[in-house]
Amino acid sequence: MPIYAYRCEACGFAKDVLQKISDPQLTVCPECGKESFKKQVTAAGFQLKGSGWYVTDFRGGTPPATGTATGPAKTDAAAAPAPAPTPAGGASDN
């Protein structure tokens, strides 16, 4: 079950509450009794550690061998093959 952070806009009382996702949002402040108890946006409570997919795919680890080229395709003139030589003397194909 997730832990939600709540704060009263009237008195400033703050509390972390363990609730199911399906539970209704709390609105009444347990400290002052006013209906100004609001859910806060908080950071996620986990870290990605170890040698899992995060390290190998996003942290500059060695890329997996997939048999496909990585990186941009070369489109400049230096990478293109040279054109076939034309016959000397201007001979035609006819």
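**Aromatic cluster, nonpolar core and loop contacts**

The charged end of Lys39 sits over the ring of Tyr4, at 4.0 Å from the ring centre (the criterion being NZ of Lys or CZ of Arg within 6 Å of the ring centre and within 35 degrees of the ring normal). The model is a predicted one, in which local features need pLDDT of at least 70 and side-chain atom pairs count only at pLDDT 80 or more, whereas totals for chains, interfaces and linings use all residues. Residues are numbered from 1 along each chain as its sequence is written, and side-chain values use heavy atoms, with hydrogens and water left out.

The secondary structure of the protein chain consists of 1 helix and 3 strands (DSSP runs numbered from the N terminus, with helices being H or I of at least four residues and strands E of at least two). From the N terminus on, the order of the elements is β-β-β-α. Of the 94 residues in the protein chain, 10% count as buried (buried is under 20% relative accessible area, exposed over 50% and partly exposed in between, with a 1.4 Å probe and protein chains only). The protein chain exposes about 8,300 Å², of which carbon and sulfur atoms supply 55% (Shrake-Rupley method with a 1.4 Å probe; for residues, only the protein chains shown count as cover). Among the contacts in the protein chain with a separation of 6 or more, residues 24 or more positions apart account for 29% (contact meaning heavy atoms within 4.5 Å).

The structure holds 2 aromatic pairs (rings of Phe, Tyr and Trp, the last by its six-membered ring, with centres within 6.5 Å; planes under 30 degrees apart are stacked, over 60 edge-to-face and the rest tilted). The ring centres of Tyr6 and Phe37 are 5.2 Å apart and the planes lie at 15 degrees, so this pair is stacked. The pair links distant parts of the chain, with Tyr6 in strand β1 (residues 3-8) and Phe37 in strand β3 (residues 37-39), 31 residues apart. Tyr6 is buried at 1% relative accessibility, and Phe37 is buried at 3%. Phe13 and Phe37 form a further stacked aromatic pair, with 6.3 Å from centre to centre and 20 degrees between the planes. This pair also links distant parts of the chain: Phe13 lies in the loop between β1 and β2 (14-18) and Phe37 in strand β3, 24 residues apart. Phe13 has 26% relative accessibility and therefore counts as partly exposed. Through these ring pairs, Tyr6, Phe13 and Phe37 are linked into a cluster.

The largest nonpolar core has 6 residues, namely Tyr4, Tyr6, Cys8, Val17, Cys29 and Phe37 (a core being a set of buried Ala, Val, Leu, Ile, Met, Phe, Trp, Tyr and Cys residues joined through side-chain atoms within 4.5 Å). Strand β1 gives the most to this core, with 3 residues. In soluble globular proteins, nonpolar side chains tend to be buried together. Apart from residues up to four places away in sequence, Tyr4 touches Lys15, Asp16, Val17, Gln19, Lys20, Ile21 and Lys39.

Gln19 and Ser36 both concern the loop between β2 and β3, where Gln19 lies and where Ser36 also lies. Gln19 is buried, with a relative accessible area of 6%. The side chain of Gln19 reaches the backbone oxygen of Pro24 at 3.2 Å (a polar contact being a pair of N or O atoms within 3.5 Å; within protein, one must be able to donate a hydrogen and the other to accept it, and residues adjacent in sequence count only if both atoms are side-chain atoms). Not counting residues up to four places away in sequence, Gln19 touches Met1, Pro2, Tyr4, Tyr6, Pro24 and Leu26.

Ser36 counts as buried at 11% relative accessibility. The side chain of Ser36 reaches the backbone nitrogen of Ala10 at 3.4 Å. With neighbours within four places in sequence left aside, Ser36 is in contact with Arg7, Cys8, Glu9, Ala10 and Thr27. Ser36 and Leu26, 10 residues apart in sequence, have a C-alpha to C-alpha distance of 9.3 Å.

Met1 is placed in the segment before β1 and counts as exposed, at 64% relative accessibility. The C-alpha atoms of Met1 and Lys20 are 5.4 Å apart in space, with the two residues 19 residues apart in sequence. Leaving aside neighbours within four places in sequence, Met1 is in contact with Leu18, Gln19 and Lys20.
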